[in-house]
Amino acid sequence: MVWKWLGALLLFPVQMVYLVVKAAVCILLPARLRDLSGENVLITGGGRGIGRHLAREFAKRGARKIILWGRTEKYLKETTEEIRMMGTECHYFICDVGNREEVYQQAKAVREKVGDITILVNNAAVVHGKSLMDSDDDALLKSQHINTLGQFWTTKAFLPRMLELQNGHIVCLNSVLALSAIPGAIDYCTSKASSFAFMESLTLGLLDCPGVNATTVLPFHTSTEMFQGMRIRFPNLFPPLKPETVARRTVEAVQLNQAFLLLPWTMHVLVILKSILPRSALEEIHKFSGSYTCMNTFKGRT
């Protein structure tokens, strides 16, 4: 027993070196992308913003069917028509992911009308954009229900069948604010941090589930209507991401079976600095970058 334990202890660093080298080689060499031709993709919040661009990207890359969920029929209908014009079968369902019973009901309707979902993209999100003391209680609850609990309900609705088929992928469009919060968006930062923990736990839980994987995408500020009015102090140095870029990199991450993706790559530096710098230094970085005041001009969706 002791020798077995010592053997495992000695083997562990060797395994770590091997995995690091393997990851480095994968970065340098072109990887084989997953074929999406047999996949049915469901995108929450799919009517506009990043969700619409995700639908376009999955369609361009050959997804078999695309299903859109959202709360506003006008945008869902527009995106559905656009995807159909691209030659891809597309359907939409009106669904508030913050409503558990509605999620389960519409998930059943999707299975009956379209078939099994093999790629679930949890993209739906809202932001209230105010400090804690200025926030309405109902608005705070809405953020948590849609941004966090909604992922519980959608994943519970579709994951069991993925496990049966041994074919599935859960995708979460998160935010770098899950790792580094800012003032003025306490509802959003809190919900995204919870969402990140949910995905981290889910990803580890799927390690022993063949054919079923997970991807979490954490992008920097993206130029969509949802964060309209947000101002970065040095936009030339830290330009907001384009939604089409986030969509393209997200679909690539799914095809590469990448567990976590930070956008842009410089966000890795932020994570490292937050791990090693004292609190006072981090506060100065926030002040210098303007993140303390970036939500002062926030307007959001009109």
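This is a predicted model: local features need pLDDT of at least 70, side-chain atom pairs count only at pLDDT 80 or more; totals for chains, interfaces and linings use all residues.
Residues are numbered from 1 along each chain as its sequence is written, and side-chain values use heavy atoms, with hydrogens and water left out.

**The whole chain**

- The protein chain holds nine helices and seven strands; these are DSSP runs numbered from the N terminus, with helices being H or I of at least four residues and strands being E of at least two.
- Of its 302 residues, 44% count as buried, where buried means under 20% relative accessible area, exposed over 50% and partly exposed in between, using a 1.4 Å probe and protein chains only.
- Among contacts (heavy atoms within 4.5 Å) with a separation of 6 or more, 73% are between residues 24 or more positions apart.

- Seven strands form an open sheet in the order 3-2-1-4-5-6-7, with parallel pairing; two strands pair if DSSP finds at least two bridges between them.
- Strand 3 (89-94) and strand 7 (260-263) are the edge strands, each pairing on one side only.
- On average, neighbouring strands of this sheet are turned by 15° against each other, direction ignored; axes here are lines fitted to C-alpha atoms, for helices over the stretch in contact, and angles run from 0 to 180 degrees between N-to-C directions.
- Strand 4 (residues 119-122) and strand 5 (residues 168-173) run parallel and are joined by four bridges.
- Strand 5 is also joined to strand 6, by six bridges, and these two run parallel.
- Gly168 stands opposite Val212 in strand 6.
- Seven of the eight residues of strand 6 are buried, leaving this strand mostly covered.

**Helix 5 and Leu159**

- Helix 5 packs on the sheet, touching strand 1 (40-44), strand 2 (65-70), strand 4, strand 5 and strand 6 (212-219); its direction makes about 170° with that of strand 4.
- Leu159 sits in helix 5 (residues 137-165) and counts as buried because its relative accessibility is 12%.
- Not counting residues up to four places away in sequence, Leu159 touches Ile170, Leu202, Leu206 and Val212.
- Leu159 and His169 are ten residues apart in sequence, and their C-alpha atoms are 8.6 Å apart in space.

**Helix 6 and Thr203**

- Helix 6 lies across strand 5, strand 6 and strand 7, running at about 150° to strand 6.
- Thr203 belongs to helix 6 (residues 186-205), and its relative accessibility of 12% is why Thr203 counts as buried.
- Leaving aside neighbours within four places in sequence, Thr203 is in contact with Ala214, Ala259 and Phe260.

**The cavity**

- There is one cavity of 30 Å³ or more; on a 1 Å grid over the protein atoms alone, a cavity is a set of points where a 1.4 Å probe fits but cannot get out.
- The largest cavity has a volume of about 30 Å³, a volume being the space filled by probe spheres set on the points, which are joined across faces, edges and corners.
- Its lining residues, which have an atom within 4 Å of a point, are Arg111, Asp116, Ile117, Phe158 and Arg161.
- By class, the lining of the largest cavity has two nonpolar, no polar and three charged residues; Ala, Val, Leu, Ile, Met, Phe, Trp, Tyr, Cys and Pro count as nonpolar, Asp, Glu, Lys and Arg as charged, and the others, Gly among them, as polar.

Note on methods: On a 1 Å grid over the protein atoms alone, a cavity is a set of points where a 1.4 Å probe fits but cannot get out, and a pocket is an open set with protein on both sides within 12 Å along at least five of seven lines; lining residues have an atom within 4 Å of a point.
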